[in-house]
Amino acid sequence: YPYVVKPRNSAGSKGLMYVFDDDSYQKAFKVYRHSSDYIVQDYISGTGVGYSIFANKGEIISGHGHKRIAEFPISGGSSVYRENFEDVRLLSIAKKIISRVKWSGFAMLEFKLDRNNELHLIEINPRIWGSINQGLVNGINYFSYILGRPHLKTQNILKYRTYLSPLIFLSFFSYLLKFQFYPVRKFLKNFKYNRSDVSLFKDPGAWISLILRAFK
């Protein structure tokens, strides 16, 4: 103890279980006792950090780093509020892996940043990721290369924070119940710099579907 058990193939935090003691071990054992399709990892306490890229034949064309401010569920769930995060180590690690496998396409590297400022690679999702809007609204054009405009240069010069509405409000409610005020305080303090991933007025169907998915 402690460690994490999760399915090999999943989305968000579905099937994710934390094992801290004998009781949580028994719960995880009951869920996975008849399955071999799972992964066990060390539990690393820290803040979620991501580095998102588009690459061609092992060369990173565009990349962007972000840090999680809020999740839903609030322990190991999907990112629902995030901000820019710059660290040269993110690009360095991404280059080593992406060039080695000669990857072409989208990918998002997920890390934990611990209290000693050490980065721990958790996983790599070889697909478009849920927090892609964070890079897009801050000037990172992941699609310029595949749209035939590779000459476009992207610059991370903006300071917007993005959030997934309406799940962010369920997240905030959970944080407040735990007397954790930081995410809510940061959202309100930087209100004019917040940008929603999904707009209720522009795409009400998608907005409502997020609520339905949250309670499946």
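The model is predicted, so local features are reported at pLDDT of at least 70 and side-chain atom pairs at pLDDT 80 or more, whereas totals for chains, interfaces and linings use all residues. Residues are numbered from 1 along each chain as its sequence is written, and side-chain values use heavy atoms, with hydrogens and water left out.

**Stop 1: helix α1**

Select residues 22-32, which form helix α1. Helices (H or I, at least four residues) and strands (E, at least two) are DSSP runs, numbered from the N terminus. Ser24, Ala28 and Tyr32 are the buried residues of α1; buried means under 20% relative accessible area, exposed over 50%, and partly exposed in between, with a 1.4 Å probe and protein chains only. These three cover an arc of only 60° around the axis, which puts them on the same side of α1. The arc is taken over the directions from the helix axis to the C-beta atoms. An α-helix has 3.6 residues a turn, so residues three or four places apart point the same way.

Turn to the other side of α1, where Asp22, Asp23 and Lys30 are exposed. Then display β1 (3-7), β2 (17-19) and β3 (38-42), which are among the elements covering the buried residues of α1; contact here means heavy atoms within 4.5 Å. At the start of α1, a side-chain oxygen of Asp21 comes to within 3.3 Å of the backbone nitrogen of Asp23.

**Stop 2: helix α5**

Next select residues 182-189, helix α5. Which residues of α5 are buried? They are Pro183, Val184, Lys186 and Phe187. Their arc around the axis is only 165°, which places them on the same side of α5. Arg185, Leu188 and Lys189, on the other side of α5, are exposed. The cover over the buried residues of α5 includes β5 (59-72), β6 (78-84), β9 (161-163), α4 (167-177) and β10 (194-196).

**Stop 3: salt bridges**

A search of the whole structure finds eight salt bridges, each a side-chain nitrogen of Lys or Arg within 4 Å of a carboxyl oxygen of Asp or Glu.

Show Arg68 and Glu110, whose side chains meet in a salt bridge at 4.0 Å, N to O. Arg68 lies in strand β5 and Glu110 in strand β7 (residues 105-113), so this pair ties together parts that are 42 residues apart in sequence. Both Arg68 and Glu110 are buried.

Move to Arg82 and Asp197, where the closest N and O atoms of the salt bridge are 2.8 Å apart. This pair links distant parts of the chain, 115 residues apart: Arg82 is in strand β6, and Asp197 is in the loop between β10 and α6 (204-214). Arg82 counts as buried, at 0% relative accessibility, while Asp197 is partly exposed, with a relative accessible area of 22%.

Now select Arg161 and Glu83, which form a salt bridge of 3.0 Å, N to O. Arg161 belongs to strand β9 and Glu83 to strand β6, so the pair ties together parts that are 78 residues apart in sequence. Both Arg161 and Glu83 are buried.

**Stop 4**

Select Gly46, Thr47, Glu71, Ile74 and Tyr175, which lie nearest the centre of the second largest pocket among its 24 lining residues. On a 1 Å grid over the protein atoms alone, a pocket is an open set of points where a 1.4 Å probe fits, with protein on both sides within 12 Å along at least five of seven lines; lining residues have an atom within 4 Å of a point. About 580 Å³ of space lies in this second largest pocket, the volume being the space filled by probe spheres set on the points, with grid points joined across faces, edges and corners. β4 (47-56), β5 and α5 each supply at least two residues of its lining, and β5 gives the most, with five residues.

Methods
A polar contact is a pair of N or O atoms within 3.5 Å; within protein, one must be able to donate a hydrogen and the other to accept it, and residues adjacent in sequence count only if both atoms are side-chain atoms.
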